[in-house]
Amino acid sequence: MTNHAAGPAMTASPAARSAPRTACFVAAMIVGAVVTGRFASFTWQATMGVSLCAALVLAAGGRVPGRPTSPPPDPPGRREALPWWGWCGAFTAWWGSAFLTGSRPSHPTLSLLLDPVFGTHAGKSLGLLAWMLLGWWLVRR
Amino acid sequence: MTVTLAGYLVLGLFAAALALAARLPGSRVAQIGDCVGPALRSRPGRIAVLAAWLWLGWHFFAR
């Protein structure tokens with residue numbers, strides 16, 4: 001027997017019901033990124049802003065509906081994961097070589113390379129947003 | 001600096017190629033999420049991965 005008294009909220013799919021909360025969370029992340037992106041590095045405002053952005057992602061990110069509820073897939077075998085471990089090793093070696101040799105102008109670290117990008121409000125805000133999205137992706141797993 | 005940039009560009013392109021290859025049917029390359037997932041399912045692994053994420057944020061945006 002069908003319950004005809006059930007309203008739209010009861011019949012909406014979980015994804016549709018979670019959409020407003022997800023939109024609010026994404027909007028909060030955008031606001032956090034834009035506001036924090038205005039602060040210069042090495043200031044208490046920047047530290048506070050980044051801390052609040054991290055707290056937002058860690059506290060709310062995992063609670064935003066849409067979190068996968070299906071059982072986790074089997075971990076990949078070593079052979080399947082090997083290309084990614086190889087990539088991590090290559091990245092670490094490339095970054096580490098610049099770090100250990102003192103980040104020379106001829107071989108700077110990634111931080112030094114990205115300084116001009118994150119030195120602008122737009123670049124820093126977009127970087128912060130990407131970082132928060134990465135965090136959201138992590139806490140939802 | 002050009003060589004350094006080229007190195008990061010190659011690494012980025014390689015990562016993109018791996019991500020695309022992982023999505024092909026019958027691929028022998030794991031998806032990046034499947035590699036990170038097992039680490040996130042244990043408490044120490046989750047703390048380590050999220051600590052690395054926090055460090056990234058502080059290093060690039062607050063330092």
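Student: Which residues lie nearest the centre of the largest pocket?

Tutor: Trp87(A), Cys88(A), Phe91(A), Leu134(A) and Leu56(B) do, out of 32 lining residues. This is a predicted model, in which local features need pLDDT of at least 70 and side-chain atom pairs pLDDT 80 or more, while totals for chains, interfaces and linings use all residues. Residues are numbered from 1 along each chain, chains are lettered from A in the order written, and side-chain values use heavy atoms, without hydrogens and water.

Student: Which elements give two or more residues to that lining?

Tutor: In chain A they are helix H4 (78–100), helix H5 (110–118) and helix H6 (121–139); in chain B, helix H1 (2–23), helix H2 (32–40) and helix H3 (43–62). Helices here are DSSP runs of H or I with at least four residues. H3(B) supplies the largest share, nine residues.

Student: What classes make up the lining?

Tutor: The lining has 26 nonpolar residues, six polar and no charged ones.

Student: Is Cys24(A) buried or exposed?

Tutor: Cys24(A) is exposed, at 54% relative accessible area, where exposed means over 50% and buried under 20%, with a 1.4 Å probe and protein chains only. Cys53(A) is buried, at 4%.

Definitions and conventions: 1 Å grid on protein atoms, 1.4 Å probe; cavity = no way out; pocket = protein on both sides within 12 Å on 5 of 7 lines; lining within 4 Å. Nonpolar A, V, L, I, M, F, W, Y, C, P; charged D, E, K, R; others polar.
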